[in-house]
Amino acid sequence: MAVERCWPTMDLLRSESMQLVQVIIPIESSHRAISYLGDLGLFQFKDLNAEKSPFQRTYAAQIKRCAEMARKLRFFKEHMTKTGLLPSKRSATSNDIDLDNLEVKLGELEAELIEINSNNEKLERSYNELVEYKLVLQKAGELFYSAQRSAAVQQREHDVHNNGERPIDSPLLLEQEMMTDPSKQVKLGFVSGLVPREKSMAFERILFRATRGNVFLKQSVVENSVVDPVSGEKVEKNVFVVFYSGERAKSKILKICEAFGANRYPFAEDLSKQYQTMTEVSARLAELKTTIDAGLAHRSNLLQTIGFQFELWNLLVKKEKYIYHTLNMLSIDVTKKCLVAEGWCPVFATDQIKNALQEASVDSNSQIGAIFQVLQTKESPPTYFCTNKFTSAFQEIVDAYGIAKYQEANPSVYTIITFPFLFAVMFGDWGHGICLLLATLYFIIRERKLSSQKLGDIMEMTFGGRYVIMMMAIFSIYTGLIYNEFFSVPFELFGPSAYACRDPSCRDATTAGLTKVHATYPFGIDPKWHGTRSELPFLNSLKMKMSILFGVAQMNLGIMMSYFNAKFFRDDLNIWYQFVPQMIFLNSLFGYLSLLIIVKWCTGSQADLYHVIIYMFLSPTDDLGDNQLFIGQKFLQLLFLLSALVAVPWMLFPKPFLLKKKHEERFRGQTYALVDSMDDPLDIDSHYDSHKREEFEFSEVFVHQLIHTIEFVLGAVSNTASYLRLWALSLAHSELSSVFYDKVLLLAWGFNNTTILIIGIIVFICATVGVLLVMETLSAFLHALRLHWVEFQNKFYEGDGCKFHPFSFALLGDEDE
């Protein structure tokens, strides 16, 4: 079904307007209707059968069928993976495939593949057994041949000395021995086979102990490892021949062979029979090899045929199982002719859902169309933000803290700018920013190809946040230009420096200082500051004050967002008894500090701001003296101090009492009703029961407000101090970059040796990438994340909502269920 996506008109600040709807679908069109809604992906179903177990639901049998087909598809995928085949990624539609036909086809293919595997396993086992048998014939034949040859030589030597008299200790297995008197012959039996090489020593010791030394064991090492017929794994083995006398010894040997996993094979003493057996085994091996190759080719062709349509079948089975899971959430009407569904959908998607239901009725030839009606409810709707591939990563950062309450102000609107900016304040270096930008541009340019591939956990995370990293890199280039640092090296990009040495030799540059010869450097920090004795005090002062200004500004933004939330939800209490005192308290203290910083920068005053703020609390009536920055500062300080003191009880006391009063007024007089308006006087009781008075615990409300007030007052101090991490991490990043440049790259350059220079460049690149571009990036990211979650969002963001989880086939992905 072709779906025309109608995007909403609401911006990202508030979640989409949601509605609870009821859909009555005829049985004959229910499957197709749910399928079309899954293609649309804008309807979240409620489970109307929550009290039933999965086996008691209507479509349990169909889900079982789909699970069985999914098992068969996993079976096919395992074999394709083993053989190195990949499923075809061709695009196709599943409208022409029937589920019943697919079930039959998958069953036939599974039976055929199982039969092929079974035959192949039997053939491979026979082949491996024959390979071992051939090795036994070769190695044991060599043992017997060498024994016979040495016995014949000894016999001839013995005949020369003893005129044909045969001693008792004549060599065994001599062919002439068969012609002697049977009553005087000592007949020995033997067992031959292969034993794993790692068990050969233990095998020999156990044989010796079990038979008390009445056996003769001969072993021969097999050079190459062989495939064991039982386990199918390659094992290094030895060929053995055990000579014994008596049936008791034979039974012991057979048991020991079985215990050690030794494979036994028959062996004939007659040379002609050995040659005949060897010929038969070789011919049989050639036949089996041909048969096995033909079976493997047949299996490969079958798996290729399956792989060509695997993705199509897998998607169809997943969709069907998903559809039946959803149908099980619907309740059946008493007439059993229709299904009743309830769920949430965005208001803007109403027409699309109606069109999908109507199209499903037409396509299924249903006589009756589906009924769509909106329900009234006091239940809190789920939260749904329409995001794209750029905004989704920033929304995930906010959602990791908590899902926004329905139509609560969304922090991600501001996070898109403030998060990468605060990161860049700590990571300010336009050389490092360019490296980050190039890395993330690689992901962005190849995002279509990379999105369809299986990446590792770390790469998957990096790829998912590629647009966040891009914004962080762009802002890092901007702040790096302000800091005038390119791998800690300053450049005169925007004009000449405003300062110069007092004489051409610059001998007194570090003692007497520099003199101003040009206009102020137009953008950023003057490059002459770098490397001077006052660089660190100057940058410390600048970045520390800048961090406080950014922190106070962002916290004020958070409190302003609480005002817009209260205004949107028409909560006047939060406006007058939370927003107003919070703004007064924060700006009376730290807003005033920010004002002093700006005034000091503008006037060039030498006032000590530490002294001003500390004695504002300790001695507010004392004269400021040299620390006075402007006229009326003392009066303003007293006003701000009194305002901050008044704001604390303003936050604490009025709200609990007003909530109690509001609660009492809400339930006042609701137990009264006109007698004429009710048919039965007993309805008065039922009317009262249906609006039972909610309990109002004043102590709980007051304690909660007390905790909230203490948290804000203490948090105003701690949160402002927390923003000093911007200064600390920026300084650390700058100093680390300077150390790597001065102590590695410049040091290697000073040796005037090519080898040392190459080593120095390699060390500098590794240190820059490993420490500054990886570890420092992660560190600055986590600190920026903390500033947003704790210092910014706790001013207005509740984050106790429920996320909108629509029924959508797009969420199936490539994951196996």
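Trainee: Are α15 and α17 roughly parallel or roughly antiparallel to each other?

Mentor: This is a predicted model, in which local features need pLDDT of at least 70, side-chain atom pairs count only at pLDDT 80 or more, and totals for chains, interfaces and linings use all residues. Residues are numbered from 1 along each chain as its sequence is written, and side-chain values use heavy atoms, with hydrogens and water left out. Helix α15 (residues 572–603) and helix α17 (residues 633–652) pack at about 150° with axes 9 Å apart, where axes are lines fitted to C-alpha atoms, for helices over the stretch in contact, and angles run from 0 to 180 degrees between N-to-C directions. Since angles under 35 degrees count as roughly parallel, over 145 as roughly antiparallel, 65 to 115 as roughly perpendicular and the rest as oblique, α15 and α17 are therefore roughly antiparallel.

Trainee: How are α9 and α21 oriented to each other?

Mentor: Helix α9 (residues 412–426) and helix α21 (residues 725–749) have axes 7 Å apart and pack at an angle of about 50°. Their contact includes Leu422 of α9 and Leu729 of α21. With that angle, α9 and α21 are therefore oblique.

Trainee: At roughly what angle do the axes of α14 and α15 cross?

Mentor: α14 and α15 are roughly antiparallel to each other, and their contact divides into 19 nonpolar, seven polar and two charged residues. Their axes come within 10 Å and cross at roughly 160°.

Trainee: Which helix supplies the largest share of the lining of the second largest pocket?

Mentor: Among the residues closest to the centre of this pocket are Asn574 and His708, and its lining divides into ten nonpolar, twelve polar and eight charged residues. α14 (535–568), α15, α18 (654–667) and α20 (698–722) each supply at least two lining residues. The largest share, ten residues, comes from α20.

Conventions: Helices (H or I, at least four residues) and strands (E, at least two) are DSSP runs, numbered from the N terminus. On a 1 Å grid over the protein atoms alone, a cavity is a set of points where a 1.4 Å probe fits but cannot get out, and a pocket is an open set with protein on both sides within 12 Å along at least five of seven lines; lining residues have an atom within 4 Å of a point. Ala, Val, Leu, Ile, Met, Phe, Trp, Tyr, Cys and Pro count as nonpolar, Asp, Glu, Lys and Arg as charged, and the others, Gly among them, as polar. Contact means heavy atoms within 4.5 Å.
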